[in-house]
Structure formats: structure tokens, C-alpha cells
Amino acid sequence: MTTHQGPGTDSAIEETLKSYLVDRLKTEVTFDQDLFESGLVSSMFAMELVVHLEKTFEVSIVGNDLRLANFRSIRSMAALVRGLRDGDGRG
Amino acid sequence: MADQAVPVKCLVWDLDNTLWRGTLLEGDDVRLSDAVREVIVMLDSRGILQSVASKNDHDPAWRKLERLGVAEYFLLPEIGWGPKSESVRRIADELRFAHTAVAFVDDQPAERAEVAFHLPEVRCYSHEQVLGLPGLPEFTPATVTEDSRQRRRMYQANFRRTAEQSAFTGPDEDFLRSLELVMRISGAGADDLARVEELTLRTSQMNATGVHYSDTVLRELCADPAHDVLVISMADRFGPHGAVGVLLLARNAGFWHLKLLATSCRVVSFGAGAVILNWLIDQAFEAGVHLVADFRQTERNRMMEIAYRFAGFATDPCACTSAYGIPPDPDVQRLHLVPDHRNAPSTMRLVSEGLPTSWTPRPRHSRRVSERRDEEDHVVTSTPTDTL
Ligand SMILES: [Zn+2]
């Protein structure tokens, strides 16, 4: 991440994820929507989602971080990415 | 090794004066002898796929095969006017077979030479050898399982499925529901063990422990009352997928130990791993036991790791795992889960029958559990189905 970030950056990760999911699922989704509960995301999409997060945000998601709760919504995925980036020695 | 022939997985037939007597284009009333018909049926029953590479106009030649009653035996027929080496190459590519697994039979020495020149690994036979083919070691597989017998039909079903999937535009889940998938989980009988062994050999991608269990070891475990070896098969409206998974479970007091779960790559896109895990978790919930699962990361089984983790398995400590000791292999992670109720899958019908009696313990302590069982009974009761 660079140091030049506007006020919108707080939700930059959410926005990136949202546009990916809208494109992939061909339907509108909100930040807080439970993607698994609503049947939009099934277990077979899980692998794709994990790999997409890792590639797009250059993090690696392993061990107990792989729990379903972290992938339930755009909000929870963004929180996971932020946590991993902070843990990667950015702060 | 000289005495161990590399098995032929697909035999490509010439038509004129090889499969049938006569030349179609010259107006002959071509005849298929009973002896050749028997060869076709016999190779098919051994799980050897068959195709056609013929220089003819496609439609009349294919109609003739249909009228002779053998068209259904031939996958991916190449009937046209291109070089036969190209036909054989396309068939091998489409089936994803190495050229060493492909054979070609033709009465014309020039055609055999052309194929042999461009595809030196393809084994070529003359029309005079046709009746002797089933007697050759390369056409005699060591074991013929139920899945080998239906292999050709499984390929045909898969071609239709793939064609339909590429034409389907809705969400993935809707496509899955349109397949009318049925999964069956049952105790492995002696007949299933060869299929299971084959599966553990071929499923490195979806093998949770990366361990290959030999036929002998599986047979011992089957006979061991402390272990359950379960076979998972699937079918859909296009036909059978055959045996697609194996699950090895040791039942201990207070917890069940999932030692192995392997599923075929063919059913990964159906989310089969998650469906099996959720079924097991629900069974453990009813039995009032915890679940312990061994997982060894390999370069190719990340999908399985995600299935385990998303199902709820984690490395959180529990009395049941610590009492169990550490895994013998330091690369093996011991995952743990406290089971809860899991709903039936939304994308397929799950049928579980033929489990050992000790396998379906009735809930003893919880009224809530027994009430729930009644409404969920259709999930676990045996529903006869002839598609599996
Ligand atoms: Zn436990």
C-alpha cells in the first residue's frame, strides 16, 4: 500500500470485493450481506474466493484464518485482509 | 518390465474392412461379424474405451454404425478425410490419455505407418489381429471393477453434462440443481475395495492426508470393527459418476477420528467434499461425539483444506485430541470440531444406506435431537435408487 490515500480508502477493500462479486455472481450484493446464508456463495465457490483474496490483496490465508466466518460477508473479508496486512509488518 | 504390458485405455478402429467387411463408399452391403461384435462388447465391459478413425463421409458411416447396433460403443468418432494420425491425436487429447494408452487398428499398412510415424507411442494392430485382441495382455486389465464396466457410459454422460454446462447461463448453484445430483454414502463391501483403492491412488488433489491406502490395508480396516470404510458414489440425470470418494473413520469413545477423506477431481465442482463433511458432522452430532480429523498439506490439496476449514475444523485444543497423543507424522495436523446440526445439502439429494448397524446410534440423552431426527429422516434413511 502507498502512503497517498484519500478519504475513501477506508472502504477501498470493500469496494474492490464488491465489484468482483457483483461481476462473478451477476447480482447486486451489500457489504453486510451473508453470502453463504443467502445461497449466493456455495462451498464450491469457496476456493475461488480464497485464492482471489490472496492474489488481489497479496496476503496468504492459512490455518484458523480459513474459517468460514471470515468469508461470510464483504465486511468480514475486508476485516480479514486488513488484519493480515497489519500483521505483515505494515504498522 | 517385459512381462507387464502397458494397458490400452482406448482402441481406435478403422471401419472399412477392419470393423466391418466391405467398403461403404463402393456401395458394399457391409457386414459386421458376430465375432467382431463380441470383441467390441468384451473390450467395453473391461472398461477399455473405443473410438473410430475412418476415411468416409461422416453421416452415412455413423448411420451404418447405428443400424449395426454398435454406435453407442464409440466415443468421439473421427469420420472424415483428414490424416488418421490427426484423428487419433484429437481422440487422445479429448480423453486426456497419453499416447502410450492408445491403440489403433486398421487393415491398411499405409494408414498404420502414417499413425506410427506421427504418433510413435500409439500401438498399431492389423485387421487380422482383431479377434485376438481380447487375449492380449495389454487389453486384459488386472482388475475389472463396477466403474470399469460403466466407464464408457460415464464418459458419455460427462460429454453431455459439459455441453449443457457451457450452454447454461444462470448461477452455478442453479446449474447444479438442474443436474438432479444424487450422492450415496455406504459402507464399503468387498467389491468396492478395488474402486476405493483406485480412487486413493488417483485423487492426490483431494486427498486430505496425502496417504495412499493399499487394497490390503483397506481390506484389513474393513474387517476391523473399530474402523468404517465408506464409499461415496454419485449420479445425476446424465448418468453415473461411479465411486467418487472414500472416507476412513475410527470410532473411539467420545470422539470419531476421520483418518482419510479423498474425493475424485471429477466432483470437486459439485462441492462434494463439503457435502460429505457436513453429513459426517451431522452424524457425529447425533451420536454425541466430537470429531478429530487428520490433515496433511500437500501441494495439491488446498481445496480439501478449505473444505475442512469452512466446515468448521480448526486447531483449537480439546481434551479429546490431547488424550489421543500426537500424530505419528509431524506433517500431519490434527484438526478438531465440536459437531452441530447440519442441514441437508441444497444442491443434491443425499442417500445414506447400508451403514454398519453400530454406525447409527440412536440419540439417548437429548429430546431436541430426537425431534429433529424425525423431520430430517429422509436424509439418512435408505431410499432405493437404481441410478447408483
Ligand atoms: Zn474434542
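This is a predicted model: local features need pLDDT of at least 70, side-chain atom pairs count only at pLDDT 80 or more; totals for chains, interfaces and linings use all residues.
Leaving aside its neighbours within four places in sequence, B:Phe313 is in contact with B:Leu277, B:Ile281, B:Leu291, B:Ala293, B:Tyr308, B:Leu335, B:His336 and B:Leu337. One of these contacts, B:His336, is also a donor to the zinc ion.

B:Phe313 belongs to the largest nonpolar core, which has 41 residues. B:Phe313 is among the residues with the most contacts inside that core, together with B:Met183, B:Met234, B:Leu258 and B:Tyr308. Helix α10 of chain B, residues 272–287, supplies the largest share of this core, nine residues. Another core lies apart from it and has 30 residues, including B:Val39, B:Trp62, B:Val70 and B:Tyr73.

## The zinc site

Which atoms coordinate the zinc ion? The donors are ND1 of B:His290, SG of B:Cys318, SG of B:Cys320 and NE2 of B:His336, at 2.0 to 2.3 Å. The angles among the four donor atoms run from 100 to 127°, and the site is tetrahedral. Along the sequence the donor residues follow the spacing H-x27-C-x1-C-x15-H.

The two histidines come from separate strands of chain B: B:His290 lies in β10 (residues 290–296) and B:His336 in β11 (residues 332–337), so the pair ties together parts that are 46 residues apart in sequence. Are these histidines buried or exposed? B:His290 counts as partly exposed because its relative accessibility is 24%, whereas B:His336 is buried, with a relative accessible area of 7%.

## Helix α1 of chain B

Helix α1 of chain B covers residues 34–45. At 1.5 Å a residue, its 12 residues should span 16 Å, and the end C-alpha atoms are 16 Å apart, so the two values agree. The buried residues of α1(B) are B:Val36, B:Val39, B:Ile40, B:Leu43 and B:Asp44. They cover an arc of only 130° around the axis and therefore sit on the same side of α1(B). On the other side of α1(B), B:Asp34 and B:Glu38 are exposed.

An α-helix has 3.6 residues a turn, so residues three or four places apart point the same way. The buried residues of α1(B) pack against β1 (10–13), β2 (49–55), α5 (146–149) and α6 (151–167) of chain B. One of them, B:Val39, is also a member of the core of 30 residues. B:Gly47 follows α1(B) and has a positive phi, near 85°.

## Helix α3 of chain B

The same span check can be made for α3(B), which has 12 residues and should span 16 Å at 1.5 Å a residue. Its end C-alpha atoms are 17 Å apart, which agrees. In α3(B), the buried residues are B:Lys84, B:Ser85, B:Ser87, B:Val88, B:Ile91, B:Ala92 and B:Leu95. Seen down the axis, they fall within an arc of 160°, so they line one face of the helix. B:Asp93 and B:Glu94 are exposed on the other side of α3(B).

What do the buried residues of α3(B) pack against? Their partners in chain B are β1, β2, β3 (78–80), β4, α4 (109–118) and α6.

Just after α3(B), B:Arg96 takes a positive phi of about 55°, although B:Arg96 is not a glycine. B:Arg96 lies in the loop between α3 (84–95) and β4 (102–105) of chain B. With a relative accessible area of 76%, B:Arg96 is exposed.

In chain A, A:Glu58 also has a positive phi, of about 50°, without being a glycine. A:Glu58 is found in the loop between α2 (43–57) and α3 (74–90) of chain A. A:Glu58 is exposed, with a relative accessible area of 69%.

## A buried arginine

B:Arg195 lies in helix α8 of chain B, residues 190–202. Its relative accessibility is 6%, so B:Arg195 counts as buried. Leaving aside neighbours within four places in sequence, B:Arg195 is in contact with B:Thr145, B:Glu146, B:Asp147, B:Gly242 and B:Ala243.

B:Arg195 and B:Val246 are 51 residues apart in sequence, with their C-alpha atoms 9.4 Å apart in space.

Technical notes
Residues are numbered from 1 along each chain as its sequence is written. Chains are lettered from A and ligands numbered from 1 in the order in which they are written. Side-chain values use heavy atoms; hydrogens and water are left out. A nonpolar core is a set of buried Ala, Val, Leu, Ile, Met, Phe, Trp, Tyr and Cys residues joined through side-chain atoms within 4.5 Å. Buried means under 20% relative accessible area, exposed over 50%, partly exposed in between (1.4 Å probe, protein chains only). Helices (H or I, at least four residues) and strands (E, at least two) are DSSP runs, numbered from the N terminus. Contact means heavy atoms within 4.5 Å. Donors are N, O and S atoms within 2.8 Å of the metal (3.2 Å for Na, K and Ca); water is not among the atoms, so sites may look incomplete. Four donors count as tetrahedral if all angles lie between 85 and 135 degrees; four count as square planar and six as octahedral if opposite donors are over 155 degrees apart and all others between 65 and 115; anything else is irregular. The expected span of a helix is 1.5 Å times one less than its number of residues. The arc is that of the directions from the helix axis to the C-beta atoms.
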